[in-house]
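Hi,

Here is the structure I promised to pass on. Have a look at it first, and then read on for my notes.

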Amino acid sequence: MFIGVRGHDFGRMEIETLARFLHDQGYEAAQIAPWKAFTGIESVNDITPEKRERIRASFAAQQVRIPVLGCYVDLGNPDAEIRGEAVDRLKKCLAYSKEMGAEVVGTETSYARPDPEQKKAWFPYMLDSVQRVVEEAQRLDATLAIEPVCTHVLDSIDAVLQVMETVQDERHLRMIFDAVNVLEPDNIGNQPAHWTKWLKYTGKYICALHVKDFMLKDDDSYEPVPLGTGLMEYEVISKWLHENGRDLCLLREEQIPEYARQDMRFLRSL
């Protein structure tokens, strides 16, 4: 397993500066959203061939893997124009990922938080978008990774399995597992069974894990906290990682910089 972090959690830097900084902090990997992580890149259209090569060379020189190129778009939006732009952006990133040395291009499936009826209505749009992007991934021999979130269109084990069984291409379509993002309030007190079920049915599709922790404030709003100090229970996930023994990256999200060393110790304990 490799220990990594979401690159832009430490703020935007020059390409070479961020690669060196992450190496010096002890990270072996980083999820990179170029327009969030790097100065001089404001959108996907700014990722020129020269910058793609700088990213590849800089991170390789610092021995920091890029397991995920983050390009989060609205794949389930019922507006055809918005959805089309999302698909086109992902296709560009798939091509760029090969040149940058990134292993997959990762995305969630929604921006909005649709209600149950909207999720049902928007699911075919999301599925069609995924299929269109996977077609390009197949052509390029690149990989798309989708991330389920309980408040998005791709919101459950059943939804993930429906997409995977429809596409039928584990080489070019994978899943990023963010446990916090699929932890609904009703399951906070039932986490061992919840994670056992998620990993049993979707574990074979996982290419990377996001790791974070949280508390709920008095008004039930979400507050990120250092790993191991909040409501998340990682014992079942840790056991699954050891039993599977695969070459997976554990990517710290919502890193609070002053707790980075403490969080890294927790990640290594997993």
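Before the notes, one term: a residue is called buried under 20% relative accessible area, exposed over 50% and partly exposed in between, with a 1.4 Å probe and protein chains only. Keep in mind that this is a predicted model, so local features need pLDDT of at least 70, side-chain atom pairs count only at pLDDT 80 or more, and totals for chains, interfaces and linings use all residues. Residues are numbered from 1 along each chain as its sequence is written, and side-chain values use heavy atoms, with hydrogens and water left out. Helices (H or I, at least four residues) and strands (E, at least two) are DSSP runs, numbered from the N terminus.

Aromatic rings

I'll begin with the rings. A pair of aromatic rings is described by the distance of the centres and the angle of the planes. Rings of Phe, Tyr and Trp (its six-membered ring) pair here if their centres lie within 6.5 Å; planes under 30 degrees apart count as stacked, over 60 as edge-to-face and the rest as tilted. By that rule there are seven aromatic pairs. One of them is Phe-10 with Tyr-27, a tilted pair with 6.1 Å from centre to centre and 55° between the planes. This pair links distant parts of the chain, 17 residues apart: Phe-10 is in the loop between strand S1 (2-6) and helix H1 (15-24), while Tyr-27 is in the loop between H1 and strand S2 (29-32). Phe-10 counts as buried at 17% relative accessibility, and Tyr-27 is buried as well, at 3%.

Phe-177 and Trp-198 make another pair: their ring centres are 5.9 Å apart and the planes are at 40°, so this one is tilted. Here too distant parts of the chain are linked, with Phe-177 in strand S6 and Trp-198 in helix H7 (residues 191-202), 21 residues apart. Phe-177 is buried, with a relative accessible area of 0%, and Trp-198 is buried at 3%.

Arg-65 lies over the face of Phe-2, at 4.2 Å from the ring centre.

Salt bridges

Side chains of opposite charge can pair when their charged atoms come close. With a salt bridge taken as a side-chain nitrogen of Lys or Arg within 4 Å of a carboxyl oxygen of Asp or Glu, how many turn up in the whole structure? The search finds 22.

Take a look at Arg-132 in helix H5 (residues 116-140). Its side chain meets that of Asp-128 in a salt bridge at 2.4 Å, N to O, and that of Glu-135 in another at 2.6 Å. Asp-128 and Arg-132 are four residues apart in the helix, about one turn; Glu-135 and Arg-132, both in H5, are three residues apart, again about one turn. Arg-132 is partly exposed, with a relative accessible area of 28%. Asp-128 counts as partly exposed at 33%, and Glu-135 does too, at 43%.

Arg-174 and Glu-170 form a salt bridge with their closest N and O atoms 4.0 Å apart. Is Arg-174 buried or exposed? At 15% relative accessibility, Arg-174 counts as buried, whereas Glu-170 is partly exposed at 39%. Elsewhere, salt bridges that share partners join Arg-6, Asp-9, Asp-178, Lys-212, Glu-253 and Glu-254 into one network.

Loops

Two glutamines have backbone angles to check. Gln-63 has a positive phi of about 55° although it is not a glycine. Gln-63 sits in the loop between helix H3 (49-61) and strand S3 (65-70) and is exposed, at 64% relative accessible area. Phi of Gln-168 is likewise positive, near 55°. Gln-168 belongs to the loop between helix H6 (157-167) and strand S6 (173-178), and its relative accessible area of 62% makes it exposed.

Last, Asp-220 is in the loop between strand S8 (214-216) and strand S9 (222-224) and counts as exposed at 60%. Asp-220 and Ala-30 are 190 residues apart in sequence and 30 Å apart in space, C-alpha to C-alpha.

Cheers

Note on methods: A charge sits over a ring if NZ of Lys or CZ of Arg is within 6 Å of the ring centre and within 35 degrees of the ring normal.
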